[in-house]
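Dear colleague,

Please find below the sequence and structure that I am handing over to you. My findings follow directly after them.

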Amino acid sequence: MTSKICFQNIRFIRSAVEKSQFLQDHPVVTFIGRSNVGKSTLVNEIVKCKNFMKTSKTAGLTKMVNYSLIDNKLYFADVPGYGFATFERDNFAGLMKDFIEDNPSLKKVYLLIDARRLLLPADDEFASYLESLHIPYAFVFTKCDKINTSERHFLRLQEEKLAPVPCFEVGFKMNQNYQKLRDDISKVI
């Protein structure tokens, strides 16, 4: 039985710049993707707080693992993205390598994809990396409110190819879809 998370009691706890500072007292979920995929906007919608995470037009501002406690049950970890176009496992090092590969509290990764771009090789490579480590993950297609009928058709085809990995579609005023994502996040505790 899962304990429901209300996503109403949210507070920043701390930033980690090295592995020894990773928090271990609650399960951790993280959202990661290419630069400018809409991570801050997504998290703000999930926690129903418009200004919880600062949104920026400038990519690559996150340099640390930033922990926020949700309802005293779960951490959201705000982490650096993996760039615009490439992810190479052999070059993935340092803080993020430790966070992904040697972090027993990490329970799920939500891999964010801009619905207007669909999966690029970097996204496929990152998903394969997570699979090789047996880390549960799901795809979250952001900016779905900005796609046309033709793009929506290609999104559906993409999701069919990704099955059985869970896929979520979110965008401005897609409240029901955010609730589905909240429900999925609640399952990790």
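Which residues have the most contacts inside the largest nonpolar core? In this predicted model, they are V65, Y67, F99, I100, F126, F139 and F141, within a core of 38 residues. At least two core residues each come from β2 (28-33), β3 (65-70), β4 (74-78), α2 (94-101), β5 (106-114), α3 (121-132), β6 and α4 (149-162). The largest share, 5 residues, is supplied by α3. In soluble globular proteins, nonpolar side chains tend to be buried together.

Beyond its neighbours within four places in sequence, F99 is in contact with F22, V28, T30, V65, Y67, A77, V79 and L106.

As to the overall architecture, the protein chain contains 5 helices and 7 strands, arranged along the sequence as β-β-α-β-β-α-β-α-β-α-β-α. Of the contacts with a separation of 6 or more, 75% join residues 24 or more positions apart. The chain has 189 residues, of which 49% are buried. Its accessible surface comes to about 9,800 Å², with 52% belonging to carbon and sulfur atoms.

Finally, is T142 buried or exposed? T142, which lies in strand β6 (residues 137-142), has a relative accessible area of 3% and is therefore buried, the cut-off being under 20%. Leaving out residues up to four places away in sequence, T142 touches V37, L112, I113, D114, A115 and V170.

Yours sincerely

Conventions: Residues are numbered from 1 along each chain as its sequence is written. This is a predicted model: local features need pLDDT of at least 70, side-chain atom pairs count only at pLDDT 80 or more; totals for chains, interfaces and linings use all residues. Side-chain values use heavy atoms; hydrogens and water are left out. Helices (H or I, at least four residues) and strands (E, at least two) are DSSP runs, numbered from the N terminus. Buried means under 20% relative accessible area, exposed over 50%, partly exposed in between (1.4 Å probe, protein chains only). Contact means heavy atoms within 4.5 Å. Accessible areas come from the Shrake-Rupley method with a 1.4 Å probe; for residues, only the protein chains shown count as cover. A nonpolar core is a set of buried Ala, Val, Leu, Ile, Met, Phe, Trp, Tyr and Cys residues joined through side-chain atoms within 4.5 Å.
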